[in-house]
Amino acid sequence: MASNDLEERFKGIGLADSTAKTAVKNKKLTHELEAIIQEAGASNGCPKQQGTLLYDCASKYPDNAKENRKQFMLDFIMTGKIQKSTPNLEGAFKYLKQHVGNKPLTSGLIHGLEEAAGVGVVITPQQIDATVDHHISKVKTQLIEQRYAYPTAQMFREIREELIWADGGAVKKATDAAILSLLGPKTEADLQAGKKKPAKKAAPIIEKAKDVAAAAVQTVQEAATPSHDVYGHLPKPEENDKVHKVVTFSPEAGGGEMRIANTAAQLQTHLKATGGKVMTRFPPEPNGYLHIGHAKAMFVSFGMAEHLNGECLLRFDDTNPEAEKQEYIDHIQDIVAWMGWKPSKITYSSDHFEQLYQLSIQLIKGSHAYVDHQTADQIKLSRKNREPSPWRDRPIDESLALFEDMRRGLVDEGQATLRMRGDHKNDVAVMWDLIAYRVKFAHHPHAGDTWCIYPSYDYTHCLVDALENITHSLCTLEFETRRASYYWLLEVLDQYKPVVWEYARLNLTYNVLSKRKLNRLVTEGFVGGWDDPRLLTLAGLRRRGVTSTGINNFCREIGITRTGGELPLHILDYHVRADLHLTSPRTLALLHPLRVVITNLPEDHYEMVDAKVFPFPGKDETYQVPFTRVVYIEQDDFREQDQKKYFGLAPGKSVLLRYAYVITCTDFRKEGDRVTEVHVEGRKVKDDEKPPKGVLHWVGQPKAGQEPARFEARLYDRLFSTQTPGSKKKKVEDDQDPVAATGEAEKEEEEDEEEKAGDSWLNELNPSSRTVVQGCMANIHLAKAKPGDRFQFERQGFFCVDPDSQGGKLVCNRTCTLNESKDK
């Protein structure tokens, strides 16, 4: 079809002229849009609202669900069930991609699709007003104090997240009206305060640091606690009597549905045990080192407990003894303390092994579990085909006897598992008879050799939440698909049900956070260990010189939302840099020293000059630097020929040695093409003299004629050269981990996907991610620095003393440069 004809067809569904012309230029988009118009029966045109949705479908409809596209167009778009791209259409696409694919759209899936797309949901003006009033009441004091200067963007974002199906314009109008009602019209003072002030020329880091200075100088806990009630939408402990989940069963399982909620008796028993307090938990699996994603998880769970005067447990989810070590347990406790969090209690899932075992007996007796002899591959295939296990209907007594044999160690590994008898024909995959127990003859780092059967994550996680009286089980969005099995198990075992709420996991550019990928990087020698400063493990960040305050401030800024996506790494760098700017003492050091001889000073000249520890008003602390006839400057600060806008040293040119003399270049020496020595004349700055524009950092000799101490500098850059490593074959990667993981049932499928993807992501490692510079020079006081001490090397960057410093050898890691790179 000719371009003009295509344009007319696309304009016939309501697209603007410019949009139609742009679409025709894109062959792939044109092909998809033509097919969708045909499928939707809109060849003769349609209203603009529907046409816009069809256009969005052409570019965003999930590829793995194309078998259902025509039905989706006819039943959801053309009927008007979906009327908005955001968030309705996006919600539908997400559900189609994650839960439907090319499976037939059964009534259960259609119901789920309608729910995900907000079909039929009506948000009344009264609901909008009530939500807006609730959020404004939480910041009323700040609003009255700051009036129209108060930053309302975060509050509005939270209102929109709570009223996801409401009209954005109506929400904005209601919010503006409520603020106007509270504050009245803007005054002249309000208008003046809103005017932008002329930008001042200053170092970017100083200007940026002013915005976070108040938070950065607080204690870690104060800096990390959310400044507003981001948890206000969650029910209070005493309100936890609503329906958590409706599980719909397939006809093969008897049909019907299970509406799961706490009974009055369960809620009262829970409240009596907790005293009505908020109870959260941070539940890492002790099979590796914590990373930046866990820092966000800590911020969410510990932060909620602290914000609402509750308690947060540190729970080790230790159900896999083969992967767990005491080393990881010790590391996690160390990192949680370093991040500034104090758990009310440290617990282990293994503390509850006996109770979990007794509950599994109850599960079998209730005909909700059975012993299965299928291999892992057979289980995977039967789940994929939604076929029952041959042993699914074995007698209860037989399963009880076999399970007892498993417990006594009479069954070999891999010969039997205990599986939950859910609904193998259900539209929701987590109901397909998940594994509850497996045999493992392995020493457990906490429970010892008491057990040879170990519960799975899917079985343990929800039950330990209930046994520990957790009020709010907070986890990442990948866990959202696990709700059905989570609540089903609690319901059939008559246990208390916590509130489950999911938030977006943390992903940063130029890095990987998958535990399996991190493990490969460490075990295969691509990095130097779990604390390699290039990794985003918290141990690696600490070794690099990053502070817990900087990390917590970063977590505070990105917020706790359900909006996912990959965040630019420079946002983390900004908060790290801002905190270090305020807290790192200054010193003079050189990475590539160049010898400078001040020829008009005597050979034995030696004096001490005062240098500032912090360059802030009111900060008068100084340290002394030796100034001698021979000093050293950075090689890049000398050029054989002067140039415009160059403020370094050149023949005949004068510069100021910071805190010391003005020097003027008179000569220089070379070996081959390399300048090896510069001769200058020096003099003190006169009281009424305007100093030169060029100010250089330098290092003097400890004593006249004695060479300065040398050290090794390690300069770090991004670990990967691509923004999203392995993105061409990317699949959501996770571990069997309650903080940042999907459930165990998908684990094998994910591992298969990684195997298919191969090592492509490893090919994207940045070969320049670590540069070692030998022969660096430092002033004398740096020799006393201890591992972990942080400094700003003036004009160089922020550095931290590495643990490799020993035996008189000093090693410093560059945490970050002084200013943000132009190449973000």
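Modeller: A residue counts as buried when its relative accessible area is under 20%. The model is predicted, and in it the helix α23 covers residues 515–523. Its buried residues are Lys515, Arg516, Lys517, Leu518, Leu521 and Val522. Just after α23 comes Gly525, which takes a positive phi of about 80°.

Next, the packing of helices. Two packed helices are described by the angle between their axes and the distance between the axes. Take helix α3 (residues 27–39) and helix α4 (residues 48–60): their axes come within 9 Å and cross at roughly 130°. An angle over 145 degrees would count as roughly antiparallel, and 65 to 115 as roughly perpendicular; α3 and α4 are therefore oblique to each other. Their crossing is right-handed.

A second pair is helix α5 (residues 69–77) with helix α7 (residues 107–116). Here the axes come within 13 Å, and the crossing angle is roughly 55°. That angle makes α5 oblique to α7. In passing α7, helix α5 makes a right-handed crossing.

Last, the surface. Tyr606, Met608 and Ile780 make a nonpolar surface patch of about 240 Å². Of these residues, Ile780 sits in the loop between β24 (770–778) and β25 (790–793). Ile780 counts as partly exposed because its relative accessibility is 35%, and partly exposed covers what lies between buried, under 20%, and exposed, over 50%.

Notes. Residues are numbered from 1 along each chain as its sequence is written. This is a predicted model: local features need pLDDT of at least 70, side-chain atom pairs count only at pLDDT 80 or more; totals for chains, interfaces and linings use all residues. Side-chain values use heavy atoms; hydrogens and water are left out. Patches are made of residues with over 30% relative accessible area and no salt bridge: like charges are joined within 9 Å, nonpolar side chains (Val, Leu, Ile, Met, Phe, Trp, Tyr) within 5 Å. Accessible areas come from the Shrake-Rupley method with a 1.4 Å probe; for residues, only the protein chains shown count as cover. A salt bridge is a side-chain nitrogen of Lys or Arg within 4 Å of a carboxyl oxygen of Asp or Glu. Helices (H or I, at least four residues) and strands (E, at least two) are DSSP runs, numbered from the N terminus. Buried means under 20% relative accessible area, exposed over 50%, partly exposed in between (1.4 Å probe, protein chains only). Axes are lines fitted to C-alpha atoms, for helices over the stretch in contact, and angles run from 0 to 180 degrees between N-to-C directions. Angles under 35 degrees count as roughly parallel, over 145 as roughly antiparallel, 65 to 115 as roughly perpendicular and the rest as oblique. A crossing is left-handed if the near helix is turned anticlockwise from the far one by less than a right angle, and right-handed if clockwise.
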